[in-house]
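Hi everyone, thanks for making time this morning. Let me put the model up on the screen, and then we can walk through it together.

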Amino acid sequence: MIKRPRRLRSNEILRKMVRETRIDKSSLVYPIFVKEGENVKEEIPTMPGQYRYSIDTISGKIESLLDAGVTSLMLFGIPNDEDKDEVGSAAFSENGIIQRTLEAVKPKYPQMYFITDVCMCEYTSHGHCGALCGEDVDNDKTLELLAKTALSQVQAGADMVAPSDMMDGRVAAIRDILDKNNYKNIPIMSYAVKYASAFYGPFRDAAGSAPSFGDRKTYQMDFHNIKEGVKEAILDVEEGADIIMVKPAMSFLDVVREVSNQITLPVAAYSVSGEYSMVKAAAKAGFIEEDRIIAEMAVSAFRAGTNVYETYFAEEVAKLIDEGRIG
Ligand code: PBG
């Protein structure tokens with residue numbers, strides 16, 4: 001036998017030398033929930049180890065992320081129920097939860113990069129991702145709401161905006177309003193390829209954003225499709241997106257691979273709440289080894305072609321990298 005693949009596996013130094021996938025902590029993004037109130041740090045029941053913070057407690061988490069070497073986060077806002085309305089006006093209010101969080105916290109942490117999720121579902125009384133027309137979301141009316149939301153987040157200090165609503169044309173609408181207001185260099189990370197997925201279940205519980213009727217299938221994608229994902233990605237490239245996201249990650253790595261082959265922008269993958277909760281539940285039951293599963297999930301996303309990896313396990317992934325176990 002001349003060819004023995006095992007030869008390159010015979011020693012740890014050699015195995016690391018020939019690794020095909022290299023990952024680095026600067027690719028990690030941590031999603032974080034901020035809510036109204038004071039002195040709040042409440043654990044999310046469906047996501048053990050993840051919390052909802054108030055503006056005055058979020059700093060503790062930011063410091064722990066920075067200590068771990070995680071330098072990007074994505075903010076999700078949870079308004080008070082009485083501030084929700086038909087069109088989600090609390091999303092673009094100067095006094096909104098995201099706007100106030102950025103004003104209070106951003107100046108204290110210049111080493112942290114603040115991305116904001118742009119969507120209406122946390123702020124609408126009906127929990128859909130935009131303004132309704134009958135029982136469906138009115139695409140074009142929602143574009144204005146999303147653009148106003150993105151602009152107000154940037155005015156409050158967001159470094160990058162990430163629209164997650166899946167309306168057609170929202171990247172162009174957001175690019176246009178940002179440019180008109182002289183925010184030409186604020187990038188847009190578009191959740192271009194976002195599937196209608198049961199993996200978002202724990203998030204909706206965490207953010208109180210489940211739709212009060214129906215589902216999101218008229219705007220989020222059918223999980224049987226991959227070409228449609230490439231189409232969505234290309235449209236958002238044309239509309240001026242800077243980074244294209246695929247979401248969820250774990251069951252959609254074929255889509256990550258295909259999108260990263262087809263476009264020249266950086267690709268992000270979001271390992272969503274349901275992925276996190278499954279790992280936590282199975283580890284708690286003693287069915288799996290949590291850290292090794294986290295390692296394989298992270299590395300597989302990069303192997304599939306992602307450049308940016310958003311995960312509730314960002315600190316754990318950073319630690320695995322520090323320990324030389326992955327990367
Ligand atoms: C808002 C939004 C959702 C997630 C990110 N942005 C929920 C949804 O579309 O229902 C899900 C993230 C997660 O599950 O971790 N539209």
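Let's start at L73, which stands opposite F114 in β5. Here I mean strands that pair, which takes at least two bridges found by DSSP between them. The strand and helix names are DSSP runs as well, numbered from the N terminus, with helices being H or I of at least four residues and strands being E of at least two.

Before going further, a word on what you are looking at: this is a predicted model, where local features need pLDDT of at least 70, side-chain atom pairs count only at pLDDT 80 or more, and totals for chains, interfaces and linings use all residues. Residues are numbered from 1 along each chain as its sequence is written.

Back to the strands. β4 (residues 72-78) and β5 (residues 113-118) pair in the parallel sense over four bridges, and here M74 stands opposite I115 in β5. Strand β1 (residues 28-35) is joined to β4 by six bridges, and these two also run parallel. If you look for F33, its bridge partner in β4 is F76. Moving on from β5, four bridges link it to strand β8 (residues 160-163), again in parallel, with D117 opposite A162 in β8.

Six of the seven residues of β4 are buried, so the strand is largely enclosed by the rest of the structure. For β5 the count is five of the six residues, so β5 is largely enclosed too.

Now to the annotated positions. UniProt positions are in the numbering used here, with feature names shortened, and annotations may be inferred rather than shown by experiment. An unreviewed UniProt entry places "active site" at K194 and K247. They span 54 residues in sequence, yet no two of their C-alpha atoms are more than 5.0 Å apart, so they gather at one spot. K194 sits in strand β9, and K247 in strand β10. K194 is buried, with 25 other C-beta atoms within 10 Å, and K247 is buried with 24.

Which residues does K194 touch? By contact I mean C-beta atoms, placed from the backbone, that lie within 7 Å of each other. Not counting residues up to four places away in sequence, K194 touches S164, M166, Q220, M221 and K247.

S273 lies in helix α9 (residues 273-284), while Y312 is in the loop between β12 (308-311) and α11 (314-322). Both count as buried: S273 has 24 other C-beta atoms within 10 Å, and Y312 has 26. Leaving aside neighbours within four places in sequence, the contacts of S273 include M47 and Y200, and those of Y312 include M47 and Y276.

UniProt also places "binding site" at R204 and R216. R204 lies in helix α6 (residues 201-207) and is partly exposed, with 17 other C-beta atoms within 10 Å. R216, in the loop between α6 and α7 (227-238), counts as buried with 22.

Last stop: the ligand. What surrounds it? Among the residues around the ligand are D117, S164, R204, V272 and S273, where being near means a C-beta atom, placed from the backbone, within 6 Å. The shell divides into six nonpolar, two polar and two charged residues. In that count, Ala, Val, Leu, Ile, Met, Phe, Trp, Tyr, Cys and Pro are nonpolar, Asp, Glu, Lys and Arg are charged, and the others, Gly among them, are polar.

Methods: Buried ≥ 20, exposed ≤ 12 C-beta atoms within 10 Å, placed from the backbone. Contact = placed C-beta atoms within 7 Å.
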